[in-house]
Amino acid sequence: MSPRIVLSGVGTDKLATTLRDALVDQQPRVMGLASAFVTVDGVRELLLIQKQAGGPKCRLVAGTDNAITHPEALYLARENGWGVRLGRPFKPRGIFHPKLLVAGARFSASEGVTGLCCVYVGSSNLTTGGLAANVECGFVSEEDDCVVSGGQAFAKLWSLSLLATENELRNYAARFAECARRRTASELRDLGVDDTRPVPARPKDLVSARLPPRPAVSSAFAVAAWAGLESFTGEYRLQVEFPRHAGEVISRLVRGRAQAGGRIRVFCPDDEMTRSMQYRFYADNSMFRLNVPNDAPGAAWARAHHAGIAVVEQGLPGGAPIRFRIVKPGPKVSEIVGRSAALGTWGRTSTRAYGWF
């Protein structure tokens, strides 16, 4: 097929389909990718194409500027045998911004990929938006018409990038998590961090939503957890249950600070009082449970209305290890739920949703 300019995101045209058709037809032995932004769903889509194309070996150079690339996308690529490196800018105020795919017979230190059979260069990132939703434009060539300099460009990008060591990935994951906590749900969408459908704004919206296949960032980097208050236990105290991932975040925040019987000091910012609460894991239902005193702000309201969310956050340095608030339905709840939805850092039980960030 002759070299061509392809549009995607217009009508039914998708870049993922164009790449799949070309790679399945050519059956390359190796494939090199460079992308400014990479998301979990983007890598999952390329893994499917890789399998259909005969399983070529893959190398990925991913940009991490502006903390948009998902850390878990890079872990996912490594877990599936991809070589992964981190792209970087070399000029002040510049960023790593290429979008390139080259496929062929073998990797070469000087030529990047030799025996080229497919080259794509264009505007599309390795994201759901880039592969399927956004209006994008790119150049595609195959077989004898392949542009040899495409392989050479990949060679240079690969040689100048950083090896994605465990230390580098953990440092980036921590930076991504910190940036995500400062961003609003709408900012996450606008920046392309969100790789999902329209983002839900209420906990009950998540109860029927499709579960994320993998979060953008691991719960190991979270400093806050929340749970819907549609259901709870406790006849005399409000016992808020946090399922596994959310509960493990809180456990990490209070580690080494608990007293006998799992008692911990908890700061309630709504009345600026510190209370003693019990936090324990219950094996009978695999839930973590925080026993909230009846005089805590919002406790009586939650009992009466079975709505809103309970939020636990890391405490301030030198103070109680965690902060606790009951947040009634409204813009604040929408923001918290929207952030978790955008990042894929949420789960659900049969009655309510929960999340972390």
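1. Helix α3 has as its buried residues Pro71, Glu72, Ala73, Leu74, Tyr75, Leu76 and Ala77. Here buried means under 20% relative accessible area, exposed means over 50%, and partly exposed lies in between, with a 1.4 Å probe and protein chains only. Because seven of the nine residues of α3 are buried, the helix is largely enclosed by the rest of the structure. Its buried residues pack against α2, β3 (57-63), β4 (83-87) and α6. Gly81, with a positive phi near 90 degrees, follows α3. Helices (H or I, at least four residues) and strands (E, at least two) are DSSP runs, numbered from the N terminus.

2. On the basis of the model: this is a predicted model, in which local features need pLDDT of at least 70 and side-chain atom pairs count only at pLDDT 80 or more, while totals for chains, interfaces and linings use all residues. Residues are numbered from 1 along each chain as its sequence is written, and side-chain values use heavy atoms, with hydrogens and water left out.

3. On the overall architecture: the secondary structure of the protein comes to 11 helices and 19 strands. The C-alpha atoms fill a box of roughly 75 × 40 × 40 Å along the principal axes. Of the 357 residues, 51% count as buried. The protein exposes about 16100 Å², of which carbon and sulfur atoms supply 51%; accessible areas come from the Shrake-Rupley method with a 1.4 Å probe, and for residues only the protein chains shown count as cover. Among contacts (heavy atoms within 4.5 Å) between residues at least 6 apart in sequence, 73% join residues at least 24 apart.

4. On the salt bridges: the count comes to 14, a salt bridge being a side-chain nitrogen of Lys or Arg within 4 Å of a carboxyl oxygen of Asp or Glu. One of them joins Glu45 to Arg20, with the closest N and O atoms 2.6 Å apart. Since Glu45 lies in helix α2 (residues 40-52) and Arg20 in helix α1 (residues 15-26), this pair ties together parts that are 25 residues apart in sequence. Glu45 counts as partly exposed because its relative accessibility is 23%.

5. Within helix α9 (residues 244-254), Glu248 and Arg244 lie four residues apart, about one turn of the helix. Their side chains meet in a salt bridge of 3.5 Å, N to O. Glu248 is partly exposed, at a relative accessible area of 33%. Salt bridges that share partners also join Glu72, Glu79 and Arg214 into one network.

6. Which side chain of opposite charge is nearest to the buried Arg183? It is Glu187, 5.8 Å away, and Arg183 has no salt bridge; Lys and Arg count as positive and Asp and Glu as negative, with His and the chain ends not counted. Arg183 is placed in the loop between α6 (166-182) and α7 (185-190). Its side chain reaches the backbone oxygen of Asn66 at 2.6 Å. Not counting residues up to four places away in sequence, Arg183 touches Asn66, Ala67, Leu188, Leu191, Val193, Glu335 and Arg339.

7. Val193, one of the residues touched by Arg183, lies in the loop between α7 and α8 (203-207). Val193 is buried, with a relative accessible area of 1%. With residues up to four places away in sequence left out, the residues that Val193 touches include Ala67, Ile68, His70, Phe176 and Leu343. The C-alpha atoms of Val193 and Ser286, 93 residues apart along the chain, are separated by 31 Å.

8. On the surface, Leu7, Val10 and Val135 form a nonpolar patch with about 270 Å² of accessible area together. Patches are made of residues with over 30% relative accessible area and no salt bridge, with like charges joined within 9 Å and nonpolar side chains (Val, Leu, Ile, Met, Phe, Trp, Tyr) within 5 Å. Val135 belongs to the loop between α4 (128-133) and β9 (136-142) and counts as exposed at 62% relative accessibility.

Notes:
A polar contact is a pair of N or O atoms within 3.5 Å; within protein, one must be able to donate a hydrogen and the other to accept it, and residues adjacent in sequence count only if both atoms are side-chain atoms.
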